[in-house]
Amino acid sequence: MAKKEKKTTDNNNNKSTLTSETKRLGVHWLDEIITMLVNKTTTLASGTKGQRTLEGITELSVLDSLPSPRILNTHLSFKCIPTQHVQNKGKIVHMIRNPKDICVSLYHHAKRDVVMNYNVPWETYFENWISGKVFYGSWYDYELEMEEASLQYPGIIYTCYYEDFKREPKTQIRKLADFLEITVSDQILENITEATSFKNMQSKKTDNTKFVNMKEEKGFIYRKGDIGDWKTHFTVNQNIRFDAQFKERMKNSKYTITFE
């Protein structure tokens with residue numbers, strides 16, 4: 001993920017915020033930021049987004065037990081998001097990250113996740129990724145569908161960029177708060193920025209809920225978070241092939257993807 005957030009009202013008149021991504025976009029990070037903004041706190045949440053992942057919730061009672069406003073998240077494509085959520089004009093926060101770094105990040109994630117158990121050589125994984133034969137499917141299909149949805153449902157989808165959050169977190173968190181219509185002081189904003197820095201999250205957060213079954217905790221969710229880590233994995237030929245595919249698939253897209 002990869003991957004959007006939505007603010008809505010459901011049958012129980014409970015407001016919700018839904019974060020959506022493909023995979024390995026930084027949605028854990030975004031989820032933590034939104035939780036702090038909504039709750040006006042700078043303390044890292046004791047739970048994890050795994051407890052509030054839409055595709056992992058099988059009982060409505062779980063949703064009923066969550067306090068309003070609910071903060072939910074998903075890796076599902078837009079067409080799989082509950083129709084009522086869209087009809088009620090719930091806000092969706094969508095984080096997008098350059099696909100080369102996503103490719104590398106998901107590779108390491110899949111190798112360590114017991115559920116995925118995807119221990120293959122990098123060369124094999126790369127071929128699978130550009131063919132869309134990986135967990136959560138094609139990055140291009142997901143992002144282009146979300147871009148189309150943002151045109152079809154103007155005003156409810158907020159697209160932000162992982163790289164921008166890394167480079168200017170305070171500015172981006174302020175923009176996110178404005179979209180969610182949350183008033184936050186400069187001091188709280190500064191504290192949230194510090195608390196959700198990658199270094200702080202990496203050292204203090206682990207995802208050990210039933211929704212994540214991992215071989216090792218350290219570095220599992222917050223591995224590196226670098227911009228441009230793809231350069232340590234891509235060969236020259238792989239990069240050329242990737243660039244050609246990206247140029248063709250995204251030729252009509254208005255997204256501004258940063259690879260450096």
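K89 lies in the loop between α3 (83-87) and β4, where helices (H or I, at least four residues) and strands (E, at least two) are DSSP runs numbered from the N terminus. Phi of K89 is near 60°, a positive value in a residue other than glycine. The model is a predicted one, so local features need pLDDT of at least 70 and side-chain atom pairs count only at pLDDT 80 or more, while totals for chains, interfaces and linings use all residues. Residues are numbered from 1 along each chain as its sequence is written, and side-chain values use heavy atoms, with hydrogens and water left out.

**Loop residues with positive phi**

- K89 is exposed, because its relative accessible area is 64%; exposed means over 50%, buried under 20% and partly exposed in between, with a 1.4 Å probe and protein chains only.
- K40 also deserves a look: its phi is positive, about 55°, although K40 is not a glycine.
- The loop between α1 and α2 (60-65) holds K40, and a relative accessible area of 45% makes K40 partly exposed.

**Helix α5 and its partner α11**

- Helix α5 (residues 122-130) and helix α11 (residues 236-249) have axes that come within 11 Å and cross at roughly 10°; axes are lines fitted to C-alpha atoms, for helices over the stretch in contact, and angles run from 0 to 180 degrees between N-to-C directions.
- That angle is why α5 counts as roughly parallel to α11: angles under 35 degrees are roughly parallel, over 145 roughly antiparallel, 65 to 115 roughly perpendicular and the rest oblique.
- On the α5 side the contact is made by W122, E123, F126, E127, W129 and I130, and on the α11 side by Q238, R241, F242 and Q245; contact means heavy atoms within 4.5 Å.
- By class, this contact has 5 nonpolar, 2 polar and 3 charged residues; Ala, Val, Leu, Ile, Met, Phe, Trp, Tyr, Cys and Pro count as nonpolar, Asp, Glu, Lys and Arg as charged, and the others, Gly among them, as polar.
- The buried residues of α5 are W122, Y125, F126, N128, W129 and I130, and they pack against α4, α6 and α11.

**Helix α1 and its partner α8**

- Helix α1 (residues 27-39) packs on helix α8 (residues 169-179) at an angle of about 60°, with the axes 11 Å apart.
- That angle makes α1 oblique to α8.
- The crossing of α1 and α8 is right-handed, a word used if the near helix is turned clockwise from the far one by less than a right angle, and left-handed if anticlockwise.
- From α1, L30, I33, I34 and L37 meet I173, L176 and A177 of α8.
- This contact of α1 with α8 divides into 7 nonpolar, no polar and no charged residues.
- Q172, also found in helix α8, counts as buried because its relative accessibility is 4%.
- Leaving aside residues up to four places away in sequence, Q172 touches Y158, D164 and F165.

**Nonpolar cores**

- The largest nonpolar core has 34 residues, of which F78, W122, Y125, W129, W139 and F234 touch the most other members; such a core is a set of buried Ala, Val, Leu, Ile, Met, Phe, Trp, Tyr and Cys residues joined through side-chain atoms within 4.5 Å.
- Two or more residues of this core come from each of β4 (92-96), α4 (99-112), α5, α6 (139-152), β5 (157-161) and α11.
- Helix α4 gives the largest share of this core, 6 residues.
- A second, separate core of 26 residues includes Y158, Y162, A177 and L180.
- In soluble globular proteins, nonpolar side chains tend to be buried together.

**Two residues to look up**

- W139 has its place in helix α6 and counts as buried because its relative accessibility is 3%.
- W139 and P99 are 40 residues apart in sequence, and their C-alpha atoms are 7.3 Å apart in space.
- T159 sits in strand β5 and counts as partly exposed because its relative accessibility is 25%.
- T159 and I92 are 67 residues apart along the chain, with 8.4 Å between their C-alpha atoms.
- Not counting residues up to four places away in sequence, T159 touches H94, I96 and Y255.
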